[in-house]
Amino acid sequence: MGAHVYKYRDSKKREADAVIQFNDGSWALIEVKLGNEDDITRASNNLINIANDIDYEKTGKPAFLMVVTKNKVAYRMDNGVYVVPLCCLKN
């Protein structure tokens, strides 16, 4: 893909497990959660809060926000965050 992967932590001590920066300058935030639906909801809200605090004039809006899980089904939450099983992220 030619993308770069970084860890994210801000001055408010919020974290995202991965930030993917693509060659075209677009980016995405990813959180990995192996817990239940409550954990997934908290992770998605965390990603949204982080993304909302980023200056889009400098970075552009995120291409996507994603929570990677142990679940068997991929879906898009009502808040727009993608929930994707780890087993889907393979060649």
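**Close-up views of a predicted model**

**View 1. Lys 61 sits in the loop that runs between helix H2 (56-59) and strand E4 (64-69).** This and every other view here comes from a predicted model. Lys 61 is exposed, and its relative accessible area is 63%. Setting aside neighbours within four places in sequence, Lys 61 makes contact with Trp 27 and Tyr 56. For a sense of scale, look for Phe 22: it is 39 residues from Lys 61 in sequence, and the two C-alpha atoms are 13 Å apart in space.

**View 2. The largest nonpolar core brings together 17 residues.** Which members touch the most others? They are Ala 16, Leu 29, Leu 47, Ile 50, Leu 65, Val 67 and Val 81. Strand E2 (15-21), strand E3 (27-32), helix H1 (37-52) and E4 each contribute at least two residues to this core. Helix H1 supplies the largest share, with six residues. Apart from this core there is another one, made of eight residues, including Ala 18, Phe 22, Ala 28 and Met 66.

**View 3. Ile 50, one of the core residues that touch the most other members, is shown with its contacts.** Beyond the neighbours within four places in sequence, Ile 50 is in contact with Tyr 8, Arg 14, Glu 15, Ala 16 and Leu 29. Of these partners, Ala 16 and Leu 29 are also listed among the core residues that touch the most other members.

**View 4. Ser 44 belongs to helix H1.** Is Ser 44 buried or exposed? With a relative accessible area of 0%, Ser 44 is buried. Its contacts, leaving out neighbours within four places in sequence, are Val 67, Met 77, Asn 79 and Val 81.

**View 5. Ile 20 is part of strand E2.** Ile 20 counts as buried, at 15% relative accessibility. Not counting residues up to four places away in sequence, Ile 20 touches Ala 3, His 4, Val 5, Ser 26, Trp 27, Ala 28 and Ile 30. Glu 37 is 17 residues from Ile 20 along the chain, and 24 Å separates their C-alpha atoms.

**View 6. The largest pocket has a volume of about 170 Å³.** Which residues line the largest pocket? The lining is formed by Tyr 6, Tyr 8, Val 19, Gln 21, Gly 25, Trp 27, Leu 29, Ile 54 and Thr 59. Strand E1 (4-9), E2 and E3 are the elements that give two or more residues to this lining. By residue type, six of the lining residues are nonpolar, three are polar and none is charged.

**View 7. Lys 13 has a positive phi, about 65 degrees, although it is not a glycine.** You will find Lys 13 in the loop between E1 and E2. Lys 13 is exposed, with a relative accessible area of 63%.

View 8. Cys 88 counts as partly exposed, at 44% relative accessibility.

Definitions and conventions: Residues numbered from 1 in each chain as written. Predicted model: local features only at pLDDT ≥ 70, side-chain atom pairs only at ≥ 80, totals over all residues. Heavy atoms only, no water. Buried < 20%, exposed > 50% of the residue type's maximum accessible area, 1.4 Å probe, protein only. Helix = DSSP H or I, 4+ residues; strand = E, 2+ residues; numbered from the N terminus. Contact = heavy atoms within 4.5 Å. Core = buried A, V, L, I, M, F, W, Y, C linked by side-chain atoms within 4.5 Å. 1 Å grid on protein atoms, 1.4 Å probe; cavity = no way out; pocket = protein on both sides within 12 Å on 5 of 7 lines; lining within 4 Å. Points joined across faces, edges and corners; volume = space filled by probe spheres on them. Nonpolar A, V, L, I, M, F, W, Y, C, P; charged D, E, K, R; others polar.
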